[in-house]
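I opened this notebook to go through a two-chain model, taking the folds, the contacts between the chains and the confidence in turn.

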Amino acid sequence: MSADTNPTTKSPIDRTFPPIAWMSTGALALVIIGGILMASYAPRKAPLGVATVLLVVAALLLASAGVLIGGLRDFPRKTFLKVFKWAIFADLVTAAMIEFAFVRDQTRGSSLLIVTGMLVIFTLCVPTTIAFTVARYADD
Amino acid sequence: MADTVQGIVGVAPVSPPGNRPKIQVVPLKGLPLAAAAVVFVVIAIAGNWQWALMFCHVAGGGLWTGLDLFVGLVLGPILGHLSIPARAEFSAKFMPKMVIIMPTVVMMTLASGFQIARKLGNLYVTSPNHSWLIASFCVVGVMAVIALGILEPANIAVLFEMNKPEPNGELIARLMKRFIYTAGITGLMQVATLIIMTRVATQ
């Protein structure tokens, strides 16, 4: 795998990487579609099958992006983590606000579990995209 | 940790590269205002405070739509015709402010808007506004993916690049192009938001 995931050592602008940012953005798109689905049924109970599938696929995409980042050699991890920590702080606030609104609106049980899962993915994939986009051009 | 803070927010750089001041990616002065907005929205939702919810939705939505339209359809094309150094200088001052302002106004608008829709019964399938609200969810969803997945990462990467001792002009131009196009798309999508929201308000 490392052969596929290693950037060639050119200048930062010419280095090629696996489509990590696209994968994490894809995961974001899936949880947003799931969120729209859940919200469009409020205050009724949304059908959870489609939302669960979207959540699982988003989690797999994000996990794959994480594995690919872990397999990169000569990748500026220090910059990645620095940006990731700050971005996750901002997204945690947003996710907490959405979770609060759903709890306040009496969302309970499996629906709340799926919404929470989607918010966890949201909280992780936005910082992953931002941190990767910054780090791919950085030199630690 | 000190390194982390210095790198991201540009606090007290001991020796900035050359004569350029280090760019503060996250302007610390704006954080208390953002925090105050978050607290206000939480109080409005927790207390089911109709005026406060409406204020957050109208004020936040007006700012969000206005900013997106202005940046996407007015500033973006102007930036596209500026030289790279001029774009870089503008971005160094403009983008850190947007890092604080945009997530705050978006959070205010969406959180309060959902509560208002629930309170007014617009979320029920029987409501004439239901389908318009679903359309607005979809528009916001597309804008969120563009803003969070493409625009914001590019903006922050530009700021980091400009903090390097020798910024790469070609890279900044490439990332700025992404900003100009995506800001244009979100600007156009805000026109759809205006149509949807005025329909919802008048049905």
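I began with chain A, which has 5 helices and 0 strands, where helices (H or I, at least four residues) and strands (E, at least two) are DSSP runs, numbered from the N terminus. Read along the sequence, its pattern is α-α-α-α-α, and its C-alpha atoms fill a box of roughly 55 × 25 × 20 Å along the principal axes.

Before going further I noted that this is a predicted model, in which local features need pLDDT of at least 70 and side-chain atom pairs count only at pLDDT 80 or more, while totals for chains, interfaces and linings use all residues. Residues are numbered from 1 along each chain as its sequence is written, and chains are lettered from A, with ligands numbered from 1, in the order in which they are written.

Burial in chain A came next: of its 140 residues, 45% count as buried, a residue being buried if 20 or more other C-beta atoms lie within 10 Å of its own, exposed if 12 or fewer, and partly exposed in between, with C-beta atoms placed from the backbone. Among contacts in chain A between residues at least 6 apart in sequence, I found that 83% join residues at least 24 apart; two residues are in contact if their C-beta atoms, placed from the backbone, lie within 7 Å.

I then turned to chain B, where there are 6 helices and 0 strands, in the pattern α-α-α-α-α-α. The C-alpha atoms of chain B fill a box of roughly 65 × 35 × 20 Å, taken along the principal axes, and 38% of its 203 residues count as buried. For contacts in chain B between residues at least 6 apart in sequence, the share that joins residues at least 24 apart is 73%.

Which residues have the most contacts inside the largest nonpolar core? They are Ala27(A), Val31(A), Ile121(A) and Val134(A), in a core of 92 residues; such a core is a set of buried Ala, Val, Leu, Ile, Met, Phe, Trp, Tyr and Cys residues joined through C-beta atoms within 7 Å. The largest share of this core, 16 residues, comes from helix 5 (residues 130-162) of chain B. Looking up Val31(A), and not counting residues up to four places away in sequence, I found that it touches Leu54(A), Leu55(A), Ala58(A), Met118(A), Ile121(A) and Phe122(A).

At the interface, 31 residues of chain A are in contact with 34 residues of chain B. On the chain A side, helix 2 (20-41), helix 4 (77-104) and helix 5 (109-135) each give two or more residues, and helix 4 of chain A gives the largest share, 11 residues. That side has 22 nonpolar, 5 polar and 4 charged residues, where Ala, Val, Leu, Ile, Met, Phe, Trp, Tyr, Cys and Pro count as nonpolar, Asp, Glu, Lys and Arg as charged, and the others, Gly among them, as polar.

I also looked up Lys22(B), which lies in the loop between helix 1 (2-9) and helix 2 (31-46) of chain B. Lys22(B) counts as partly exposed because it has 19 C-beta neighbours inside 10 Å.

Last, I checked confidence: the model scores ipTM 0.87 and pTM 0.85. The mean pLDDT of chain B is 86, with 90% of its residues at 70 or more; pLDDT is the predictor's confidence in each residue, from 0 to 100. Within chain B, confidence is lowest in helix 1, at a mean of 41, and highest in helix 2, at 94. Over residues 1-16 of chain B pLDDT stays under 50. Where pLDDT is low, the predicted coordinates should not be read in detail.
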